[in-house]
Amino acid sequence: MKIIFIAWKNCWQKAGATTLTLLLLSFGVGIISMMFLLENQLSDKFNKNIKDIDFVLGAKGSPLQLILANVYHIDAPTGNIKVSEAQKIIKNPTVKEAIPLAYGDNYEGWRIVGTTPRYAEFYEVKLKEGKVFETPFEVTVGSYAAKELGLKLGQTFKSNHGLDKEGEEEEGHDQLFTVVGIYEASGTVIDRLILTPVESIWEVHDHGDHEESGHAGIVSAEEHDAEHAHEDEHAHEADTLDNDHAHEDEHAEEEHAHEEDHEVTAYLLIKRLPMAPMILPQLVKNTNMQLALPAIEINRLNENFGIGMSVVKAVAILIMIISFLSVFISLYNALRERQYELAILRTLGGRRIQLFILILLEGFFMVALGLIIGLVLSRVGITLLSDMAKDSFHDEFNAMIFLPQEYYLVGITLGLGVVASLLPALRAFFMDISKTLSND
Amino acid sequence: MAIIQTTNLQYTFSKGPQLIFPSFQAEENSELLILGSSGTGKTTLLHLLAGLRKPNAGEVVVNGIRLSTLSGASLDRFRGKNIGVVFQTSHFVQSLSVIDNILLAPYFSNNKVSKSDAEKMLDRLNILSKKNKKTSTLSVGEQQRVAIARALLNNPSLILADEPTSALDDENAKDVLNLLREQTHALKAALLIVTHDNRLKEEVRQRIELTALKS
Ligand SMILES: Nc1ncnc2c1ncn2[C@@H]1O[C@H](COP(=O)(O)OP(=O)(O)OP(=O)(O)O)[C@@H](O)[C@H]1O
Ligand SMILES: [Mg+2]
């Protein structure tokens, strides 16, 4: 038998009486650790996806919405822009690269994005199998989407209109998309997208009718009743614009004619020259386009988010302080009814320091128990959140990681637990056993 | 050599009576009753003898060692090894079973006592069947026997008992007295019993009376 065994037994003996303490402590710890996990993974996701995107060019509307829709693919787009109109911006010498993104369809609720192979290259996403899409109606699927949809190489599917699953049977398009490749998991947005040449989107929605300016970026249901006749002629016209390649300029002129009709949802721009932020905004003036800066918008979002997080953390810290007080009070009060058993331990040869350690250990165990429950709670919470995120954003959080911040949380909590039991332990140390034993 | 010897013990409570105790000594294999009506200082004397309280004057010598020369941890350890105390009211560690409670005695005094020794002791006190019970579920008489088992498990040379039979019926009182006596002889120990139990007065010859206290 050891002091540690007695402390352990005492801790469980009291577990009933200290349920409230444990509850408070585990909620405090749970909330804080959950905030850590969320914060860490959200900022990880945001930062990974923002990469080197300097601007997003898209239809007028909320700049944050534009960013969320086109960089993170979690919000509805602000609308569409005309490829022809966008030319003067994306061809500007301060722009190094422009990647087109065209929305319009989904497969089982997973977004099909019309773009160029540069999009995945830009995020350094490698192919796992197959090849990168080349011609219209070829798709290369992100790893997570492929896994969840059970898509295999060579498989074909029909798309649904819009960004959400709800499109009914008759609203589906007739063209068959063919899976030609699957990307490797990268932790970026590519994982949950289905990529196809931008021409696929155009051909699906064809050019029978022109939207004046985009309405929510989703080509309306009537449009696709029109025939989907026109094929390959546009196959390459929206190729990633790479101004480093000289031949582009000549082509651009000819292609203007066709491009007039075509729309994309946005362009992701990477600047070449530092003065781009001064020059480009001038160019979008008096158009129905806007230029949003992901870094600034996400910063703003983070700030607001950060305030919310801080409030939640403050509440959690308050709960923890109360729980430490509660640990202290419960140990201190228990001393009164336990003074006899402590006195007996002394008569049996127990030294003062052993009683001191006993009480400290009891506090320690109590806090450790709350801590463990709290850390488990936060994992359960994150798992639930992850399920929700999976439903609404096709994204998930990892609940089974342990962050460095959590080591601090563990250390500080255990430390404070010891501090809270210090005074009761000292009282046990200085107890007058004879007085205790004769007052019965 | 006397196992315990006291000389001119005095104790004064800070806001209470001054207690003056007669000197006495007890040899190996001896039994001594400490009698006196309530409030005459029997429990206080017992605590002085066990080194739980320090006398204002006088000396307690146990096994040739003056308790006043020991302090802190060494006194605690000396007490644990040499003195077995049965208190007026039994107290136990609530979270532990009967057997674990009595094993606390060898643990805290660093004595080597096996679990089977502890079980033997419980058996002799007719409470072996309760060994895995929590002490709070026992009757007062059973609790008292557990307390006695705990005091004797370390084979102390001085056994101090404060009203050990007060909660027991005739039969169990006799058993307890016999057990205390047996152990006393087996260990060549000295047995001091504080009591006003008439049943014990008939059994034990040697006695000291504490008289009404001076204030
Ligand atoms: N902590 C204390 N402070 C002041 N006086 C005390 C204290 N403890 C005991 N006394 C007094 O000292 C006297 C002796 O107390 P003690 O407990 O030794 O009596 P006792 O002989 O054991 O009595 P009983 O037979 O009722 O157990 C009593 O008068 C009691 O009131
Ligand atoms: Mg008494």
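Predicted model: local features only at pLDDT ≥ 70, side-chain atom pairs only at ≥ 80, totals over all residues.
Q: Two strands count as paired if DSSP finds at least two bridges between them, so with that definition settled, how many residues sit between β1(B) and β2(B) in their hairpin?
A: Five residues lie between β1(B) and β2(B) in the hairpin. Elements here are DSSP runs numbered from the N terminus: helices are H or I with at least four residues, strands are E with at least two.

Q: Which residues stand opposite Q5(B)?
A: In β3(B) (residues 24-26) the bridge partner of Q5(B) is Q25(B), and in β5(B) Q5(B) stands opposite V61(B).

Q: Changing topic, what's the strand order in the five-stranded open sheet of chain B?
A: β7-β8-β9-β4-β10, with parallel pairing. β7 (83-86) and β10 (207-209) of chain B are at the edges with a single partner strand each, so one side of each has no neighbour in the sheet. The twist averages 15° from one strand to the next.

Q: Which helix packs on that sheet, touching β7 and β8 of chain B?
A: α5(B), whose direction makes about 170° with that of β7(B). Contact means heavy atoms within 4.5 Å; axes are lines fitted to C-alpha atoms, for helices over the stretch in contact, with angles from 0 to 180 degrees between N-to-C directions.

Q: How do α5(B) and α6(B) pack?
A: α5 (residues 140-152) and α6 (residues 170-186) of chain B pack at about 0°, with axes 11 Å apart. The pair is therefore roughly parallel (under 35 degrees; over 145 is roughly antiparallel, 65 to 115 roughly perpendicular, the rest oblique). R145(B), I148(B) and L152(B) in α5(B) meet residues of α6(B) including V176(B) and L180(B).

Q: How many cavities are there of 30 Å³ or more?
A: Two. On a 1 Å grid over the protein atoms alone, a cavity is a set of points where a 1.4 Å probe fits but cannot get out, while a pocket is an open set with protein on both sides within 12 Å along at least five of seven lines, and lining residues have an atom within 4 Å of a point. Points are joined across faces, edges and corners, and a volume is the space filled by probe spheres set on them.

Q: What lines the second largest cavity?
A: Residues of both chains, among them I344(A), L348(A), F87(B) and R150(B). The cavity holds about 110 Å³, and β7(B) gives the largest share of its lining, three residues.

Q: And what's the volume of the largest pocket?
A: About 820 Å³. The largest pocket has 34 lining residues, with Q41(A), K45(A), D395(A), E396(A) and F397(A) nearest its centre. α2(A) contributes the most, nine residues.

Conventions. Residues numbered from 1 in each chain as written. Chains lettered and ligands numbered in written order. Heavy atoms only, no water. Pairing = 2+ DSSP bridges.
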